[in-house]
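Please keep the structure open as you read.

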Amino acid sequence: MSTTVWIILAGAAMTYLTRVGGHLVLSQFQRIHPRVQAGLDAVPAAVLTTLFAPALFNAGWPELAAMIVAGLVALRGGLMAMFTTGAAVLIAGRYLIG
Amino acid sequence: MSAEILFEPSPRRAFWSGFRLGVPVVVASAPFAILFGAIAAQNGLSVGEAVLMSATIYGGASQMVGLELFGQKVAPWLVVFSIFAVNFRHILYSAAVGRRIRHWPLWQKAVGFFFLVDPQYAETERKGEAGEPVGFVWYMGMALPIYVFWIVESGIGAAFGALIPDTHAIGLDFLLPIYFLGLVMSFRARPLWLPVVLASSAASILAYAFVGSPWHVSIGAAAGILLAAAMPLADANGPAGPESDNTGPLP
């Protein structure tokens, strides 16, 4: 099997671990330390931020415009609305600026 | 015998009542499943690999993260770790849902937890909080249509994505950052969200420039998490389960 398939299967095993793990492990504790809880709460935003921040730093004008507009739309609309608006701004920007 | 015993609906009715909750999720997640497949194909994954990813990982955000890192040719363990990190929130869902399904046999629990994606968690908590019994048949009635369509649409996206001629013009290379920004925005109700995002942004940009990819992911994430853990503590929120974040109806 290729490396890609192994990575996918290992990723799947780790994902399943998160979905049973809370029930198996976290429910054993009466109380989680508040600092651990605060750290856990921060995990998704912290990880996902690193996946777009460097791209933003190196981006051109169409990409920056798309991210700003998408970020503003996300304050009001859902994920779908922000995503389609951002994509539209990006495509239009690249068409105009190249 | 108490007259208070909760009325269990027939299995068929329970299944369709769950199914009805799954349909809107199927509709809303379709574009993202197709997008996932298309980007997977652009990043060199075969249709089979894209389908395998949807069928075994079954978590939209983490699958996109996997693709992003596959494209950068980073160390395998780091890809696996990043998938794990993005899906880490499921630990909190799992602990909360576990209380609702104590009466399920072990094999039903083992199967049920596999399908515990964000909307599944949200509906299960809603049903449990309303005092209704959370049955396995109802649960799977909701889970199965979402799962099956997620896999099929990923395959369609992958088959079609390889045929797109000019990916730069339609912005395919930059759709993932927009998508990740949207996910980050959906967590904005959480405590310390802004300081965490600012710390992780700064650390990941610096790490990207001075240490290099892929370390910006772990260094940037660590900065935000440590900041959150070190901040002055707010009042505890009591024993309530985790809020379902507004990630929208996505697996």
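The paragraphs below begin with conventions, then turn to chain A and end at a residue of chain B.

This is a predicted model, in which local features need pLDDT of at least 70 and side-chain atom pairs count only at pLDDT 80 or more, while totals for chains, interfaces and linings use all residues. Residues are numbered from 1 along each chain as its sequence is written, chains are lettered from A and ligands numbered from 1 in the order in which they are written, and side-chain values use heavy atoms, leaving out hydrogens and water.

Let us start with secondary structure. Chain A has five helices and zero strands, and along the sequence the pattern reads α-α-α-α-α; helices here are DSSP runs of H or I with at least four residues, strands are runs of E with at least two, and both are numbered from the N terminus. With a radius of gyration of 19 Å, well over the 13 Å that the globule rule gives for 98 residues, chain A is more spread out than a compact globule. That radius is taken over C-alpha atoms, and the rule is 2.2 Å times the number of residues to the power 0.38. The C-alpha trace of chain A spans about 55 × 40 × 25 Å along its principal axes.

Now for burial. Of the 98 residues in chain A, 47% count as buried, meaning under 20% relative accessible area with a 1.4 Å probe, protein chains only.

Finally, look at B:H90, placed in helix α5 (residues 90-100) of chain B. B:H90 counts as buried because its relative accessibility is 1%. Leaving aside residues up to four places away in sequence, B:H90 touches A:T18, A:R19, B:L116, B:V117 and B:D118, where contact means heavy atoms within 4.5 Å.

Key: Buried < 20%, exposed > 50% of the residue type's maximum accessible area, 1.4 Å probe, protein only.
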